[in-house]
Each structure stands twice: as structure tokens, then as C-alpha cells.
Amino acid sequence: MMDEGKLFLGGSRKPDDSFSKPEYLHLPFANRHGLITGATGTGKTVTLQILAESFSSAGVPVFCSDIKGDLSGIAARGEEKDFLLKRAEQIQFSEYDFDAFPTIFLDLYGEKGHRVRTTVAEMGPLLLARLMDATDAQEGVLNIAFKIADEGGMALLDLKDLQALLNYVGEHASEISSRYGFVSKASVGSLQRGLLVLEQQGAAHFFGEPALEISDLMRTTQDGRGMITVLAADRLMNNPRLYATFLLWLLSELFEELPEVGDPEKPKLVFFFDEAHLLFNEAPKVLVERVEQVVRLIRSKGVGVYFVTQNPLDVPETVLAQLGNRVQHALRAYTPREQKAVKTAAETFRANPGFDTGEAITALGTGEALVSTLEGKGAPSVVERTLIRPPSSRIGPISDAERQQIIEDSPIAGRYDRDVDRESAYEILMARAAKATAAKQENEEEPADSAAGRWSLPGFGDEPEEKPTRSRSAGRSGYQRETVVEAAMKSAARSFANSLGRAIVRGILGSLKR
Ligand SMILES: Nc1ncnc2c1ncn2[C@@H]1O[C@H](COP(=O)(O)OP(=O)(O)O)[C@@H](O)[C@H]1O
Ligand SMILES: [Mg+2]
């Protein structure tokens with residue numbers, strides 16, 4: 001049943017509940033995105049698991065997050081159990097077999113997988129503002145701070161870099177205001193407090209180097225199977241906003257970095273966005289618009305995005321409209337909101353004359369779903385009541401020892417495990433502060449000379465009428481210039497190369513373009 005070009009999802013049923021036909025997800029349409037919905041305990045995680053397994057077998061790498069730890073079983077061979085064999089028989093799945101799948105575990109905290117990080121610069125002001133729940137005014141200040149770092153050739157790597165930069169902006173608020181637009185000290189103060197909160201929540205783990213290479217998510221094994229990258233997200237879920245922002249950053253990185261491929265025979269990567277409601281919760285309109293844009297455009301990069309959430313109403317209509325492949329597990333319909341959700345979910349399906357879609361949604365059993373996928377010329381199939389196939393890997397979590405073994409044997413073992421703390425904004429600004437203090441002590445009576453060591457960014461302070469660093473002559477501020485250029489050289493392609501003459505380009509979601 002594992003026919004070329006399509007993934008077996010399960011078997012649909014006739015009105016009398018007998019087996020009707022196999023249901024498939026078609027690989028050429030797998031980049032037209034998808035949606036997996038249903039109440040808790042209805043079978044969403046197992047559906048995600050069988051999809052990830054099948055994509056992997058078809059040579060498509062997968063990224064997914066593991067909220068409760070129960071998806072980690074995908075890395076272990078499943079065990080023969082009566083209910084699994086019975087399900088396989090019900091849907092005439094004669095080739096049902098057990099297997100383990102090639103898995104890479106990631107963890108922002110480095111406990112249950114390889115460390116994963118990005119730099120503050122790469123995340124960009126838009127997502128950081130979202131992460132810090134910044135007001136418009138605060139976001140404006142953040143934008144200015146990034147601009148200053150951009151112009152000064154300062155690498156913004158970790159949270160202490162951003163902290164140092166904000167301190168600088170606060171201390172020079174009036175000069176900066178006259179040049180870049182209004183910077184209120186109150187906004188800077190709020191941002192600084194926001195940063196402290198982030199740090200207390202453990203976000204500092206996530207910012208720094210070495211940053212995650214997108215190519216490490218796109219691996220296949222020697223025997224041609226797609227690697228399944230599983231982000232351990234149980235601890236991360238204590239900070240839902242960091243979780244959602246991280247996934248959004250990843251999505252925007254994929255979008256910015258991957259080349260156009262049009263409509264490939266099969267996706268280059270499939271990205272499951274679990275607990276997708278967190279992405280859209282209280283999200284400002286502009287962010288929803290950008291997400292919509294990224295989801296729409298990432299298709300031609302060969303990336304299929306599958307949102308997993310309880311309720312289809314969790315996803316804004318503009319995004320929902322782009323999710324072609326649907327697996328709808330059971331929903332409850334007690335409250336008016338629930339009834340509305342059922343109605344909305346029902347309306348998004350191409351009706352089947354054999355049953356009432358809305359009624360079916362509330363009557364589905366565990367591991368059963370309404371399924372409609374894109375087929376033929378890309379039109380949605382008539383919705384079918386489908387018993388989802390049983391997984392080949394283990395249902396439920398793997399043990400700590402099993403996980404440790406997989407982490408040790410991983411193709412990216414050792415690559416991200418240690419922090420690299422190279423010179424960045426924090427070090428540059430601290431060095432300047434130290435030099436300024438020293439100069440002040442030495443030349444108490446000659447304040448003019450202390451300019452050489454002043455804690456100042458290029459283009460600020462001593463000669464406000466001058467242009468920024470590039471046109472600045474060496475001399476009094478030679479020390480600063482050197483540090484800045486030096487830092488930029490070290491930053492290489494990854495960070496701000498603009499002080500060497502290249503412009504900074506930020507993508508749709510404000511992340512860095514390389
Ligand atoms: N396709 C399936 N085949 C066999 N059993 C399933 C299937 N889907 C779900 N189940 C059973 O239902 C349980 C709950 O499913 P799960 O996917 O964890 O629900 P959810 O993620 O929606 O809370 C699983 O542990 C498993 O025992
Ligand atoms: Mg689940």
C-alpha cells in the first residue's frame with residue numbers, strides 16, 4: 001500500500017462501517033500544507049506520528065515538536081499489541097510492520113536533545129518584540145537599537161549583547177532621538193525589564209552561538225530515509241510565547257534560506273507546528289499577516305507546514321484557507337463555541353453524500369478522523385470517515401537511556417553542545433566603558449583627551465554632525481573604529497557585515513537574510 005508518490009493514512013468506512021478504500025496523502029501536494037485538529041485524546045499525536053513516519057520513509061525530512069514527550073517513541077520500534085494489529089486488519093493494512101525511525105532530538109535547554117540556539121541579530125526586532133510582549137513604542141525603540149547595531153557593525157549574539165545595547169541607548173536617548181526618532185527612557189526601561197524576565201524564564205539558553213544550521217534539519221540517512229527532528233518541548237511549554245516564537249523563527253529561517261523549487265515531486269521538508277493556537281493567541285494583526293505570507297510563499301520552497309491544534313477556529317481564516325490536507329479528529333459540541341467550531345470545521349470539507357459532516361465530527365472514535373487531501377489537479381477530495389493506520393514505531397515515550405543513546409549516535413553530536421562566546425556588542429561596549437573609566441581617571445584635568453576612549457558608538461557623541469563609521473577618519477576615535485571593524489570581520493557572514501560595505505537585509509519576519 002506504500003505506493004509511489006503517496007502516503008497511506010488509513011482506511012475509510014462505508015455507512016455500514018465496513019471497509020471502503022485506502023486513503024492517501026499525495027506527495028506532490030504535500031507542500032500545500034495541512035491541518036490536524038481534534039480534542040485531547042482523539043488521536044492527533046498518533047496521526048502526526050504516522051505522517052512523520054511515512055514522510056521519513058518517502059525520503060522527506062521532518063521537523064516536529066514533542067509537547068508531552070509521547071512523540072519520542074517514533075525513534076523506537078513499536079511492539080505488537082492486539083489493538084494495533086486489530087486496527088491494521090480493519091483497514092486491510094496487510095503490510096503493517098514495526099520499525100524505528102531515524103531521529104534527531106533537539107532541546108533549547110540541552111537536556112533532552114542537542115542544544116539549539118539562534119542569535120539575537122538573526123531573530124530580529126519583530127519576533128523579539130513579540131517575545132517580550134512589547135508595546136508599539138517599545139518595538140520602535142527595539143528597531144532603533146537594531147539599526148544602531150547594524151550601523152555600528154556590532155554583533156548582537158546573546159541577551160547580554162542586547163542588554164548592553166539597550167543600556168547604551170538609554171544613556172544616549174536624547175542624541176539618538178534627534179537622529180533616529182524618539183526614544184523614551186521609559187520604553188528603554190520596560191525593554192530592559194522585559195529582558196530580565198526573559199532571562200529568568202531561561203531564554204538566555206536560546207540566544208548565542210553556535211546557531212542552528214538549517215541544513216541540519218534537512219538530512220537524509222544513507223539508505224534514503226528522511227531524518228525526523230524532534231524538538232523536546234515539554235519544559236519549553238512553560239513559556240508558550242518562547243515556544244511559539246522559536247517555531248516561527250525557524251519557519252522564517254527556512255523561508256529565507258531555502259531556494260525556490262516550484263512544485264516538487266515531494267517536499268524538501270515537512271514542518272509540524274504543534275499547539276499552533278499559541279502562535280495566533282493575541283497575535284497582532286501585522287504578525288498574522290506576515291505568517292500568512294510566509295505560509296503562502298514557503299510552499300514554493302518545497303516546505304509543507306502542518307498545523308496541529310485542537311480546534312480549527314484557532315487558526316485565522318486567511319491561514320486556514322491555505323491548508324489543503326485535512327485530518328479532523330473528534331470534537332466535542334457542548335458549548336455554543338464548540339458547536340460553532342464543529343460547524344466551521346464541517347463547512348471546510350467537501351461534503352460526502354454518505355453522511356452529515358457535522359454529525360460525524362462529534363461521533364468519531366479514537367484514532368478515527370475525517371480526512372480530505374488534495375488530489376488530481378490539486379482539488380480537495382470528498383471527505384471520508386477514516387480509521388487512521390496504526391504507527392510502526394512505539395506509541396508513547398522512549399526511556400531516558402534510549403534517548404541518551406540516540407543523542408550520542410546522532411549525526412550532529414557535538415556540533416552544538418558548547419557555547420561559543422565571541423566578541424560581540426557586550427564585549428565591545430564593556431571594553432569601551434572600561435577604557436572610558438581609565439581615561440577619565442588618568443586625565444581628570446584634561447577632559448578633551450578622554451574622547452578617544454569614550455563609551456560611544458560611531459557617529460555619536462563627539463561629532464554628531466559626522467556620518468557614521470565608514471566615512472569617519474581614524475585619529476581620535478581610532479580605537480573605536482578598530483574594534484568595530486575587527487568585530488565585524490570576526491562576525492563573518494553570519495552577523496553584521498555591513499560595516500564592510502554590505503547592506504543589512506531583513507526578511508518578512510524581520511530575521512536576517514544572508
Ligand atoms: N491511529 C491509531 N491507531 C491505534 N491507536 C490509536 C490511533 N490513534 C490514537 N490511538 C490511541 O489513542 C491514544 C490517544 O491518542 P493521541 O494521539 O495521544 O491523542 P491526542 O494527541 O489527540 O491527545 C493513543 O495512545 C493510542 O492508544
Ligand atoms: Mg497529543
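Where is the place of S12? S12 sits in strand β1, residues 6-13. Helices (H or I, at least four residues) and strands (E, at least two) are DSSP runs here, numbered from the N terminus.

Before we go on, a word on what we are looking at. This is a predicted model, where local features need pLDDT of at least 70, side-chain atom pairs count only at pLDDT 80 or more, and totals for chains, interfaces and linings use all residues. Residues are numbered from 1 along each chain as its sequence is written, chains are lettered from A and ligands numbered from 1 in the order in which they are written, and side-chain values use heavy atoms, with hydrogens and water left out.

pLDDT is the predictor's confidence in each residue, from 0 to 100. The protein chain averages 85, and 86% of the residues score at least 70. Over residues 445-503, though, pLDDT stays under 50.

Back to S12. Its relative accessible area is 0%, so S12 is buried. Buried means under 20% relative accessible area, exposed over 50%, and partly exposed in between, with a 1.4 Å probe and protein chains only. The side chains of S12 and E23 are joined by a polar contact of 2.8 Å. A polar contact is a pair of N or O atoms within 3.5 Å; within protein, one must be able to donate a hydrogen and the other to accept it, and residues adjacent in sequence count only if both atoms are side-chain atoms.

Now to strand β10, residues 325-328. N325 and V327 point one way, R326 and Q328 the other way, and all are buried. In a regular strand the side chains alternate between the two faces of the sheet.

Helix α12, residues 336-347, has A341, V342, T344, A345 and A346 buried. Among what covers these buried residues are β10 and α13 (357-363).

Let's finish at ligand 1. Of the 17 residues around ligand 1, G41, G43, K44, T45 and V46 come nearest; "around" means a heavy atom within 4 Å. A polar backbone atom of G41 is 2.6 Å from an oxygen atom of ligand 1, and for V46 that distance is 2.9 Å.

Definitions and conventions:
Contact = heavy atoms within 4.5 Å.
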